[in-house]
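Work through the exercises below with the model open. Try each task before you read its solution.

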Amino acid sequence: MNVASATMVEKLDLPTMEHPQPYKLQWLNNSGEVQVAKQILVSFKIGHYEDEILYDVVPIHARHIILG
């Protein structure tokens, strides 16, 4: 699952788009279910490799991109 922190999206003023199929998650926090209704498209480059990844925006505190 590709997720991005809502705080990161807000602080970096990243443009979001509506999620085509909103859904609920419960495992990301202790306050119950979270509605996932937004997405962001993130472009990145590592050396000569370039790609884009679509992330669901959720209220978490993770600040890393994990590739694998």
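**Exercise 1.** Find the residues that Asp56 contacts beyond four places in sequence.

*Solution.* Count a contact when heavy atoms lie within 4.5 Å. Leave out neighbours within four places in sequence; Asp56 then contacts Asn2, Val3, Ala4, His19, Tyr23, Val36, Lys38 and Gln39. Take Ala4 from that list. Ala4 and Asp56 are 52 residues apart in sequence, yet their C-alpha atoms are 6.0 Å apart.

This is a predicted model, in which local features need pLDDT of at least 70 and side-chain atom pairs pLDDT 80 or more, while totals for chains, interfaces and linings use all residues. Numbering runs from 1 along each chain as its sequence is written, and side-chain values use heavy atoms, without hydrogens and water.

**Exercise 2.** Which side chain makes a polar contact with the side chain of His19 at 3.2 Å?

*Solution.* Start with the location: His19 lies in strand 2. His19 is buried, because its relative accessible area is 12%. Now search for N or O pairs within 3.5 Å, one able to donate a hydrogen and the other to accept it; residues adjacent in sequence count only if both atoms are side-chain atoms. The partner at 3.2 Å is Asp56. The side chain of Gln39 also pairs with that of His19, at 3.3 Å.

How values were computed
Helices (H or I, at least four residues) and strands (E, at least two) are DSSP runs, numbered from the N terminus. Buried means under 20% relative accessible area, exposed over 50%, partly exposed in between (1.4 Å probe, protein chains only).
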